[in-house]
Amino acid sequence: MAERLRECMIKAGYSGVRELAGAAKLAPSTVSDALSGARTPSWKTVSSLLRACDVPATSGWVRLRDDAKTAEQRWRQTASSEELTPRPALPEIYSIRPPTGDLPPRVRGRDPLLSALGDLRSEAEPHVRVLHGLGGCGKTTIALELARTAGRNGHQVFWVSAHQHERLITGMRVIARELGVPENEVEDAWSGHGSAPDLLWHHLDQARRRWLLVIDNADKPDFLAVADGSPGDGTGWVRASPAGTTVITTRVGNPQVWGNQAELYPVDVLAVDDAADVLIDIAGHAGDHEDARALADRLGGLPLALVSAGRYLARTARGGGLLKRGPGSDRLRITTFDDYRRALGDIGTDLLDQGLDHTPDTTSLERLHRKLVGRTWEMSLDLLDAQGIGHARRLMRLISCFAPSPLPAELIDPLALEGSDATLAALDDPDRALMALVDLHLLNITESGELSAVPEGFPEPPLPCLVAHRLVLEATAFRVRSLRRAEQDAVWRAAAHVLWTAAAPEPEEHPNWDWWQLVTPHVKAAVGVVPDDDPETLARVAEAGLRCFAYLVFASRYDEAVPLAASLLARTSILPDDDPTRLAIRHRHAFTAGPPAPEALEAEYRDILDRQRKVLGPEHPETLITHYNWAVALTHSRDQAAAEVELRWVAKTRVRVLGPTNPYSLISRHAWAESLSALGLDGEAEAEMRSVVADCRRERGDLDHHTIMQRSSLAGFMTAHGHGEQANAEFSDIVEHYGSPALSDGTHFSAYTRHQMAHALDRAKRYADAEVEYRAALEDMSANGLTEQSDYRHLAQWLGKNLRAQERHDDSLAHFEALIADCSDLPNHDAFLLNLRHDYGDGLRRAQRSEEALSVIDDVLTLREGKGEGESLDTMRERHCRAHTLQRLDRSEEALEELRVVSTALVDLLGVESPEARRVMWCHAMALHRAQRLGEALERLEACHSAEVSALGSESYDALVSSRYITETRFRLGLVSAAETLAEVEALLPKLVQQDGQDGKYVAAVLALRSEVEGRQR
C-alpha cells in the first residue's frame, strides 16, 4: 500500500511529504505514516492523497486499502507485545513517562504500604488504588516506586498529571495513540465527537501486555468524571480493569468520591527513623543517625521538607556558601543536621505539639506543612544568597504569582526581576539561579511540546517550562504577602510584565489557542491573588485577564469564562468607575452573568457604552464591543429596526477601523445580516453574507477557521430561505476540506451546521465522517438541554441510518431500539414513531433477521392502515421494504406482487421520473429477471430506462446499467442476433468504463456477456 502511494507521489512530481501534505490538506505526520507503512491510512486519507496526485480512486484502491488493514490487524494479533510500539502520529504537549529520575535509590518507610498495594501482575478482582493524603506527604514518590517496579517487571507504564484538566485530556490522548488506536478514531473522540474515555478503556481492556496507569495530583476529582457523572462510577477516566492497574494520587480520601471499585490507602508523614534515613540518604556527611533523627523529628517527618533540607546540606557539602557570605561575618554556616535543626527554630515543635495534643483537622495540618516548607525554602534561598545567587529568591517569588502548571521559561525576563531601573550584574545569573533551584528540588523543568504559535521573539517550540510543587508555591506566596509594600509591588510588577508578554498572541485567532491553553491557568491564578493596592499593576494583570476571557469565549470554553469574569469584577473594585479596564470588565460580567430581564441588560450595556464614549471615544475597539452587544440586546427587546441601524453602524465602523475580516468585524457583519433578514430584507442579508465570505476567502484563504464558519453560516441561511440546492453545494464544497486543521476543532460549529455537513458527507458516501458530525450535533443539542425537541430526535434518526449505511447493523439496531424507547411519550400511531419503527424493521432485514423484520413491518403497516394511510407514500415505502423482506424469506411470488403494486402506486403518486419511483421500478425489474420471467423483466427495464434517460440523460450511470440488462435480456430472449448484441456491447463498454472504472462490477458483467456471445458465435 505504502509503495503504491509513494509511486503516485513521485509520478505527480511532489518533492516530499510536506508538499504532498499541503496539496492533500492533511497533516504531514498522517502522510508520513501512510507513505512509510507505519500504519494503514483511513480511506479518507487515501482518497485525499490520490486526489492530490490526480489518480482516480477506483475500487482497486479500496480493495488494496482493505487488504492492508486486514494485514495490519492480523500482524497486531500475532506480534509479540515487545514488537507493538506504535509511535504517536502527532507531537503532544506532555510526556506520559513516569519521572522516575526524581526517585532516590531506595524509598524509605513505605514497605508496609507498598506490600499492601499488592502484586500488580494479576488481580482476582480488579480495583482502582487511591493513594490519599496531605500535600507533601510523598504520595507521588510511592506511585513512582510502583511505576519503577512495574517497568522492571515488563509492564507498560503510563503517567498522567490530573492537576490541570487540559493536561489530563492530552495525556490520555497520548496513551490512546501509544496503544495503537487509529488516528482518525483518536481525533474524532478527543474533538468531542465520541466518548474518549470509552475508546481509551476499550483498548486498555484489550491490551495484550499488562500495564500500570498512574493519575497523579488528582486533587480535583471532577476532572476525571464525564458530564453528569462521578469520578468513581466507571464511566469516566478512572476504571478498574483485569488487563492492568490504575493508581491515583490525591488529597481527597472520601470513599464516596472514588466508588465501590476503589481501594483507599492513606499516606501519612514518615516515622521518625524512616525520616532520618531519608536525610542520611541525601546528606549522609551531615551527621550521625541520632542527629538526623532529631532533625527529622523537628521536620515532622514531612517528605517534602526532608528532601528540601537534605538537598540544602548536600549543596553545602559541595562548597555552597564557603567563600561568599552575607552581611555580618558571624553568620552561622549550616553544614550539619544539628546546624539545620537549630536554624529552624521552633517551627517543627509547633507541628509536633499539634500532633500530640489531638488529631488535627486537614486544614490545620495543611497550614502547618505550608509553614514548615516555607521555612525550609527560606533556608535554601539563604544558602543561594550566600553563594551570590540572589536572583533565585526573586525568581521563586515571581513564579509564586502563578499556577503550579508548566510556565514557559521564555516568559521570565531577567530585567523584570530587577525592576525597570536596574541592570543585571551578570548575564548568566538568572540561569545559575534556575539551575540552583532545580538542584534544591524547588523547581522542575519540563517541555511545552509543539505549539502552533508563540509570542514574537520566542524560539521555535517545544519550549522549556518551569513547574513547582503546590506547597512550595503557596509557602512562597505567603512570604511575598509579608514583604514590605515596595518589595511586594516589585514582585507583582514583574508578574504583570510576564502576563503581558504571555497575552501577546491574539486570543481570537484559532492558531494561537494551544498557546493560550498553556498560559490560561497562570492568568487565572494571577487574577485571583494580585494585590489591589497598586492600581497600575492591578489594571495590567486585569487586561491580561480580559484577553484570556476572549480566548475562552472564542474557543467555546464558556464554563471557564463565567468565573473569570466574576473574578475580574471582584478584583478590580478599587479602580475608578470610569477606568477603561474596569468598564471593559463590567461589560464582560454583564455578558456572562446570566439572562437578566432584557431591559436591565440593555440598560447596563447603555451605561457602560456612554462612559466608554466619553473616556475612549466612539470608535475605540472596546467601545465597539459594548456598542455591538447593546445593539444585540435591542433585538431581544423586539426593537428590530433600531437594532438594525446600530448593528449596521458597528459593522461598517469595525470594517473601517479593524479591517473587513477581523474576528470582531466578522461577528458584527454576520449579526447585521441576520437583523436585515429579521426585517424581511433577505436579499440585502444574503448579499452581505456573500460579501463576508468573499472577503474571508481573499484575505484569510479557503481553509481559515473563520472562512469556514462564515461559509457554513451562508449555507445555513440559503437552506432556511428555500435555496436548498445551492446550500447543499456549499456544504459539499466545505466538506471537501473535511479533516483539514480548519475543521479539526469540533466545538465551534453549531448543531445545525454539523447536521448539514453530516448530510453532505453522507451524500459523498463518507459515512464514518458523517457519523462524527451527527454525534457532535447531538452532543451539542444535549448540552443545551434540547433532547426533547423534535429536531434532536430527527437528527438521532439520521445517525441510525448512517450506522446502517456503514453496515454496522448491530450498532444501528441498538440505536433505533434506544431511540424508540425514548419516544415512549408519543402515541403508537405518531408519524415520527412509525418512521422509526420502519427504519428498525428495515435494519432487521439488512441484518438478515428476516422473520423479525417482517413482523415489525407488518405491525407498522397495520397501524398505518388504521390511520387511513393505505395508499400513502409512507405506506408504499413500507410495502417496498416488505417486498425485499419476502425475497429474503424465499417468498418470491408475494414479493413480486408487492413490488408491482408499489411501483405502480409510486408512478401515480410521484411521477415516472422521480428517483423513488425509478428505484422501485428497477427493483421490480430485477426481481422479475432473477425469477427468469424475462419478457416481463424486459418490459419493466425498458420503462425504467426511458424514465432514466428523460430524468438523467442517456449517458448517466443509471441509464447505462439499464442498457446493460436490456442488451442481455434481449439476447437471451432471442430478440437480437449475436452480431447485434456484440455491437451494442462494444458501444456500451467504454461508457461504462468511464463511469464505473475498469474494475467496476458492471464492466465485468458486460465483458462476461461479450465472451459468452463470442463463444456462441464460434
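Biologist: What percentage of the 1018 residues in the protein is buried?

Modeller: Buried residues account for 51%. Buried means under 20% relative accessible area, exposed over 50% and partly exposed in between, with a 1.4 Å probe and protein chains only. This is a predicted model, where local features need pLDDT of at least 70, side-chain atom pairs count only at pLDDT 80 or more, and totals for chains, interfaces and linings use all residues. Residues are numbered from 1 along each chain as its sequence is written, and side-chain values use heavy atoms, with hydrogens and water left out.

Biologist: How many helices and strands?

Modeller: There are 46 helices and 8 strands. Both are DSSP runs numbered from the N terminus: H or I of at least four residues for helices, E of at least two for strands.

Biologist: Where is Gln488?

Modeller: Gln488 sits in helix 22, residues 485-502.

Biologist: Is Gln488 buried or exposed?

Modeller: Gln488 is buried, at 11% relative accessible area.

Biologist: What is Gln488 in contact with, leaving aside neighbours within four places in sequence?

Modeller: Val480, Arg481, Leu483 and Pro531. Contact means heavy atoms within 4.5 Å.

Biologist: Switching to cysteines. How many disulfides does a search of the whole structure find?

Modeller: The count is 0. A disulfide here is a pair of cysteine sulfur atoms within 2.5 Å.
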